[in-house]
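Colleague: Let's talk through the aromatic rings of this model. Keep it short, please.

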Amino acid sequence: MFTDLVLASAHHVLVFLLAAIIATEAAMVRPGLSAAGVKRLSRIDAYYGAIAALVILVGVGRIVFGLKGWEAYIYNWAFWSKMAAFVAVGLLSARPTLQIRKWRMSADDEAFTVPTEEIAATRGFIIAQGAIFPLIPIFAATMVRYGY
């Protein structure tokens, strides 16, 4: 029972951290993003990837070692809806990550500023992540109440 509590708590905290990182990236990716800002953004985006991986690992741990058992998840339509939302957010995060890496290579020049059109395109993907992300906890709550 304690293992289930620890896994559930860790999973929830990690998901909240992902939401905070998406919000942080949305706030940072704005016109006038400087080389110093790109360096900070690059570190934050690396944390995003690491935390997303931890969400997956802890989630798998919940399925395998949690009190409900894997059947409670595998046959639950809301679980698969939550997974689809998570995958959609993950796919939408790929383009900003690749763009941030490209900017990071140019950020060694302290005079570098990200071109406005690149900001707009990248910001659109981040905003899309933020729009879909709330479906994840909504489907999680649905799983508990109406999943069967």
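Colleague: Is Tyr73 buried or exposed?

Modeller: Buried means under 20% relative accessible area, exposed over 50%, partly exposed in between (1.4 Å probe, protein chains only). The relative accessibility of Tyr73 is 8%, so Tyr73 counts as buried.

Colleague: What is this model, and how are residues numbered?

Modeller: This is a predicted model: local features need pLDDT of at least 70, side-chain atom pairs count only at pLDDT 80 or more, and totals for chains, interfaces and linings use all residues. Side-chain values use heavy atoms, without hydrogens and water, and residues are numbered from 1 along each chain as its sequence is written.

Colleague: How many aromatic pairs does a search of the whole structure find?

Modeller: Rings of Phe, Tyr and Trp (its six-membered ring) pair if their centres lie within 6.5 Å; planes under 30 degrees apart count as stacked, over 60 as edge-to-face and the rest as tilted. Searching the whole structure gives three.

Colleague: What kind of aromatic pair do Tyr73 and Phe79 form?

Modeller: Their centres are 5.6 Å apart.

Colleague: Why is the pair of Phe79 and Trp80 given its class?

Modeller: Phe79 is buried at 5% relative accessibility, whereas Trp80 is partly exposed at 45%. The ring centres of Phe79 and Trp80 lie 4.9 Å apart, and the planes are at 80°, so the pair is edge-to-face.
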